[in-house]
Amino acid sequence: MLRHTRSLVLAVAVAAGWPQASWAGNLSPRPRLVVVISIDQLRGDYLQRFGRYFSKGGLNLLLRGGAVFTDAHYRHSVTQTCPGHAVIMTGTHANINGIVANSWYNRSLRRTEYCAADTLAKLLGSSAEGRSPRNLLDSTVGDHLKLSSAGRSRVITVAGKDRSAIMMGGHLADAAYWTEDTVFVTSTYYLKELPPWVRRFNASGAVTRYRGATWNRLLPRSAYAMMGPDDVRAEEAVPGFGRTFPHRLGIRASHADFLTGFQTSPFENEVLVDFAMEAVREERLGRDDDPDVLAIGFSANDLVGHSYGPDSHEVMDMTLRTDRVLERFFALLEKEVGLERVLLVLTSDHGVAPLPEVARQGASGARLDPALIAAAAERALRIRFGAPRRPGWMTPPTWVMHQDWPWLYLNLAGLEDKNIPLEDAEEVAKAALEQVPGVVRVLTAGELRRQREEGVNSRAQVSFYPERSGNVYFELSPYVVPGEERDGTTHGSPWAYDTHVPLLWFGEGIAPGSHTGAVSVADIAPTLSRLLEIDIPSNVQGRVLEEMLR
């Protein structure tokens with residue numbers, strides 16, 4: 001039996017005092033359906049760069065008819081997918097919700113732990129490892145909505161990635177769906193079996209019908225001239241897909257190469273929207289006066305950005321094609337629910353760094369092998385304290401137990417064995433990391449704990465949860481990308497290209513207009529709570545965006 005059944009979570013929520021009362025004070029009627037859209041790795045500048053090519057009924061529906069926040073940022077430093085999606089619907093950062101990274105080192109298990117892992121749950125529709133929101137230590141807007149409506153409101157999430165769907169859905173979602181191989185799956189945490197409509201969708205071959213399909217530019221090639229050349233050596237040659245247009249999903253490609261290509265293309269977004277449209281119809285979302293929530297995570301955009309970089313023809317075309325599938329989805333919402341009863345929110349979980357080889361603004365881009373970080377700390381600790389003797393199961397034992405940007409985990413048992421104060425070891429490792437070229441800032445866990453006690457809300461501190469974070473935190477210089485690979489790019493830094501994301505609102509209670517003041521993605525959750533007329537959780541780290549409310 002699962003540790004976290006839905007009834008148990010509900011009982012714990014009530015006992016813990018999660019808000020259940022309604023907030024009465026809105027001038028506009030509550031929306032029947034809230035749709036939260038997260039386009040993975042959609043940088044804040046993309047809307048301006050590509051806006052002239054957007055369709056009338058896609059992103060322009062929000063840009064011209066809604067509230068646009070041009071200076072929306074994440075206020076944490078670990079700009080990864082799981083932490084970002086956790087912030088969107090909880091309004092809190094890792095120092096409260098516990099999601100410090102996509103994965104972290106579990107000291108008691110002596111292995112890495114995935115943010116959405118759950119060994120007590122199983123997947124429905126796949127034999128892959130179990131998933132659930134067990135590691136999310138805070139509640140979402142959807143959780144509070146379920147409580148306030150005595151469970152009548154429906155909360156459903158859909159994404160390409162499991163962590164995107166699960167973190168936005170929270171603990172009480174009716175279902176979180178994501179793709180595994182060529183089908184949509186969910187977890188026994190949510191359901192006992194897949195609904196008939198999901199089984200029918202999976203049986204339709206929605207993914208496999210793209211075998212042999214070609215991804216070419218949506219617009220004439222001349223429209224992409226502002227992006228520079230299509231063939232850039234630092235771009236990744238995606239297996240079975242290549243580095244330049246046209247990209248073909250070969251009929252004879254291996255299954256693995258087909259899946260890689262499909263997930264790194266606009267085809268996955270098309271299938272995702274088809275599935276989301278079925279969810280609206282089959283689950284009858286937005287059909288009564290109890291508001292429902294549908295959250296959608298467009299995950300393929302992230303893979304395209306990782307492979308080709310933000311200045312590529314592929315990222316431009318992917319953004320334009322995402323605009324087109326949104327136009328199709330919004331038309332379905334108008335038909336099935338009526339846009340006057342729908343509240344739309346669109347954002348992203350993070351941005352992305354440019355390819356170091358093509359970094360702009362006169363910046364000096366570089367790639368840094370993370371092994372250099374661990375090696376520098378290990379060498380300094382051995383010089384100062386000698387070799388560790390524990391734990392005995394390691395051959396030989398090392399002072400650095402685990403390293404994954406931006407955290408370094410030290411051998412606590414080894415330090416205790418030699419009676420070495422932890423803060424002394426942290427300071428030695430810190431001094432070593434500060435000498436590594438490309439490292440711009442280092443903080444110890446001791447320093448972050450003191451910041452926490454003093455109420456200092458720095459980007460590093462709100463990304464720090466003592467039981468899961470490492471002993472040493474480090475930041476890389478702007479345009480320095482970590483990784484062993486010599487192509488593609490990534491995200492995860494506190495720099496603007498990673499923290500700046502779009503924030504668009506559209507709906508009955510939203511006054512159209514552009515807002516240039518600085519806002520946080522953590523503002524989404526309290527603002528949604530206000531519009532849904534449910535109490536704003538007391539631990540949110542954002543504010544209600546009063547300036548856009550009618």
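Reader: Which residue stands opposite Ile296 in E11?

Author: Good place to start! In general, strands of a sheet pair through backbone hydrogen bonds, either parallel or antiparallel. In this predicted model, Ile37 is the residue that stands opposite Ile296 in E11. The strands E1 and E11 (residues 292-298) pair in the parallel sense, over 7 bridges.

Reader: In what order do the strands of that open sheet come?

Author: There are 10 strands, and the order is E5-E8-E7-E6-E11-E1-E12-E19-E2-E20, with mixed pairing. Now look at the edges, where E5 (123-124) and E20 each have a single partner strand, so one side of each is left without a neighbour in the sheet.

Reader: Which helix lies across E1, E11 and E12?

Author: That is H12 (residues 313-336), and this helix runs at about 170° to E1.

Reader: What is the strand order in the open sheet of 4 strands?

Author: Follow E14-E15-E17-E16; the pairing here is antiparallel. Its edge strands, E14 (400-404) and E16 (439-444), each pair on one side only. From one strand to the next, the twist averages 20°.

Reader: How many bridges join E16 to E17?

Author: You can count 5 bridges between E16 and E17 (residues 472-476), which run antiparallel. As a landmark, find Val439, which stands opposite Leu476 in E17.

Reader: Which helix packs on this sheet, touching E15, E16 and E17?

Author: Helix H16 (residues 445-454) does, and its direction makes about 70° with that of E16. Look for H13 (residues 371-385) as well: this helix lies across E14, E15 (407-410), E16 and E17, and runs at about 155° to E14.

Reader: Now a helix by itself. Are the residues of H19 buried or exposed?

Author: First, the general idea: an α-helix has 3.6 residues a turn, so residues three or four places apart point the same way. Then check each residue against the cut-off, where buried means under 20% relative accessible area. In H19 (residues 524-532), 9 of the 9 residues are buried, so this helix is largely enclosed by the rest of the structure. Among them are Ile524, Pro526, Arg530 and Leu532.

Methods: Residues numbered from 1 in each chain as written. Predicted model: local features only at pLDDT ≥ 70, side-chain atom pairs only at ≥ 80, totals over all residues. Heavy atoms only, no water. Buried < 20%, exposed > 50% of the residue type's maximum accessible area, 1.4 Å probe, protein only. Helix = DSSP H or I, 4+ residues; strand = E, 2+ residues; numbered from the N terminus. Pairing = 2+ DSSP bridges. Contact = heavy atoms within 4.5 Å. Axes fitted to C-alpha atoms, helices over the stretch in contact; angles between N-to-C directions.
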